[in-house]
Each structure stands twice: as C-alpha cells, then as structure tokens.
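Reader: I am new to this structure. Could you take me through what surrounds the ligand, and then a part of the chain elsewhere?
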Amino acid sequence: MKKNKIVFAIQKQGRLKEDSMNYLRSMGLDFGSQQCEMRLKCTNANVEVLFVRDDDIPVYVYRKVADCGIVGANVLAEKSFPLITLRRLNFALCKLFIAVPQNAAFATLEDLNGLRIATSYPKILGEFLAQKAIKASITVLKGAVELAPSLNLADAICDLVQSGKTLRENGLKPLLPIMESEALLVCSTDSQQILNQINFTR
Ligand code: PRT
Ligand code: ZN
C-alpha cells in the first residue's frame with residue numbers, strides 16, 4: 001500500500017526546535033497554530049510533525065514511526081542507529097570536547113590514562129578512548145556534566161562546547177576535540193521515496 005503522508009520527528013523544546021521548524025518552513029511547508037503539544041499538521045501538504053525529545057528522534061526514524069528527523073550529529077552518533085543523512089543543516093553547531101580543570105597538569109591525550117571522565121556521551125567517548133588506547137573510566141551523567149570536576153566526581157569531562165562560556169564559568173578548559181556536530185536531516189532506508197515527495201530546496 002502506498003503511503004502518502006510524510007512524518008517528521010523534531011525536537012519538542014530546546015536548541016533545535018526553532019531552527020528545525022524554520023527549516024521545514026523554508027521547504028515551503030505551512031503550519032497553522034499548534035493545537036496539540038505532540039503533533040502538528042501541515043496545512044499545504046500531507047505532512048505531519050511529531051514533537052519529541054531529541055534523544056528519541058533516531059529511534060522514531062529507525063522504527064519508521066517518522067520518515068525523517070532533525071537531530072544533532074552528536075545524538076545520532078551516540079545512539080548509533082544506521083540512518084541516512086539527507087542534509088547537513090548548518091545550525092546547532094557545536095563541538096564535543098574533553099575538558100579539564102584550568103589548573104590541571106593534564107596537557108596531552110596520554111595524561112588521560114587512569115582518569116575519571118564524566119560525560120553524557122559514553123559511546124562516543126568510549127570509542128575515542130579505545131581507538132587511542134587510553135584507559136580511563138567513564139562516569140555517565142545526564143546533565144550538569146561541567147560540575148563534576150569541582151564536586152570531585154570526575155577529573156575531566158567530555159561535553160558539548162559552543163562559545164566556551166560554560167567551561168570557563170566552571171573553571172575548565174578544553175583539552176581535546178572529539179567530534180564536530182550540527183543538525184542533520186536524517187531518514188531511514190526509504191530516502192529516495194521521501195525525496196521524491198518533497199522538494200528539499202535548501
Ligand atoms: O529535552 P531534549 O532531550 O530534547 O533536549 P536536550 O536538553 O538534550 O538538548 P538541547 O536542546 O540542550 O540541545 C539539543 C542539541 O543542540 C544538542 O544535542 C546539540 O546537537 C546542539 N547543541 C549546540 C548544543 C549546544 N550547541 C550546547 N552548547 N547542545 C548543548 N549545549 C550545551 C552544552 O551541553 C553545555 O552545557 O551548552 C553548554 C555549552 O555551551 P557554551 O556556549 O557555554 O559553550
Ligand atoms: Zn536530549
């Protein structure tokens with residue numbers, strides 16, 4: 001049976017939401033006022049938007065509940081579902097860094113051996129450390145990662161950096177970049193069918 005409706009999964013609230021909606025509008029999609037917190041119907045095409053946590057976007061797309069999603073490359077890499085990236089969207093730009101206390105003696109990659117590193121990205125960090133043959137222990141935190149060194153919960157952190165302000169405010173300095181990130185338009189393996197139905201002009 002032919003499926004005509006195209007479903008997008010985008011972030012419900014946060015740094016990706018506004019730019020994601022603007023991107024959909026830039027493709028010529030119009031939306032009325034939002035009646036429901038979780039879903040929004042397009043008024044000029046058979047398109048629906050689902051608003052979800054950004055961490056859940058890869059699974060929505062992988063399980064084909066949504067056809068496309070807009071998610072940070074960092075989240076996509078951490079969740080590691082085999083999705084197709086249709087477009088790099090050039091917003092939500094940031095870098096995942098290993099950072100250490102400003103007064104720390106650690107200066108090189110090798111200095112991380114034996115340290116405790118706090119992060120919300122254990123998979124990305126674990127793979128990076130394994131590739132570099134560094135043996136460090138990873139402490140997984142969902143948020144407030146920058147606080148961990150001052151609370152003696154960790155010796156270093158691995159977190160997203162944009163301006164660097166949060167690191168400075170917490171007495172930390174960047175040591176090593178792990179990955180660059182930006183918002184990505186992703187879909188599952190039916191990409192061609194989706195591309196045929198919508199004109200991705202940008
Ligand atoms: O509720 P939900 O789970 O959907 O949202 P969230 O809280 O997990 O995500 P959100 O809205 O904070 O970020 C969504 C995405 O935006 C991230 O996954 C990244 O792809 C991207 N992004 C871009 C950022 C940043 N820049 C960013 N600076 N995500 C987080 N930060 C945080 C960072 O964790 C740190 O605490 O901002 C702080 C650093 O910022 P600077 O400017 O002080 O360096
Ligand atoms: Zn999230």
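Reader: How far is an oxygen atom of ligand 1 from a polar backbone atom of Gln-162?
Author: The separation is 2.8 Å, which falls under polar contacts, meaning pairs of N or O atoms within 3.5 Å; within protein, one must be able to donate a hydrogen and the other to accept it, and residues adjacent in sequence count only if both atoms are side-chain atoms. This is a predicted model, in which local features need pLDDT of at least 70 and side-chain atom pairs count only at pLDDT 80 or more, while totals for chains, interfaces and linings use all residues. Residues are numbered from 1 along each chain as its sequence is written, chains are lettered from A and ligands numbered from 1 in the order in which they are written, and side-chain values use heavy atoms, with hydrogens and water left out.

Reader: And which polar side-chain atom lies 2.7 Å from an oxygen atom of ligand 1?
Author: That atom belongs to Ser-163.

Reader: How much of the accessible area of ligand 1 does the protein cover?
Author: On its own, ligand 1 has 850 Å² of accessible area, and the protein covers 79% of that. Such areas come from the Shrake-Rupley method with a 1.4 Å probe; for residues, only the protein chains shown count as cover.

Reader: Which elements give two or more residues to the shell around it?
Author: They are helix H3 (73-79), strand S9 (156-161) and helix H5 (165-169). S9 gives the most, with three residues. Helices (H or I, at least four residues) and strands (E, at least two) are DSSP runs, numbered from the N terminus.

Reader: Which residues come nearest to ligand 1?
Author: Of the 23 residues around the ligand, the nearest are Arg-53, Asp-55, Asn-74, Ser-163 and Thr-166; a residue counts as near if one of its heavy atoms lies within 4 Å.

Reader: Changing topic, where is Asp-155 found?
Author: Asp-155 is in the loop between strand S8 (137-140) and S9. Its side chain reaches the backbone nitrogen of Arg-116 at 2.7 Å.

Reader: What else does Asp-155 touch?
Author: Leaving out residues up to four places away in sequence, Asp-155 touches Pro-101, Phe-106 and Leu-115 as well as Arg-116, where contact means heavy atoms within 4.5 Å.

Reader: And where is Phe-106?
Author: Phe-106 is in the loop between strand S6 (94-101) and strand S7 (116-119). The C-alpha atoms of Phe-106 and Ala-156 are separated by 9.4 Å, with the two residues 50 apart along the chain.
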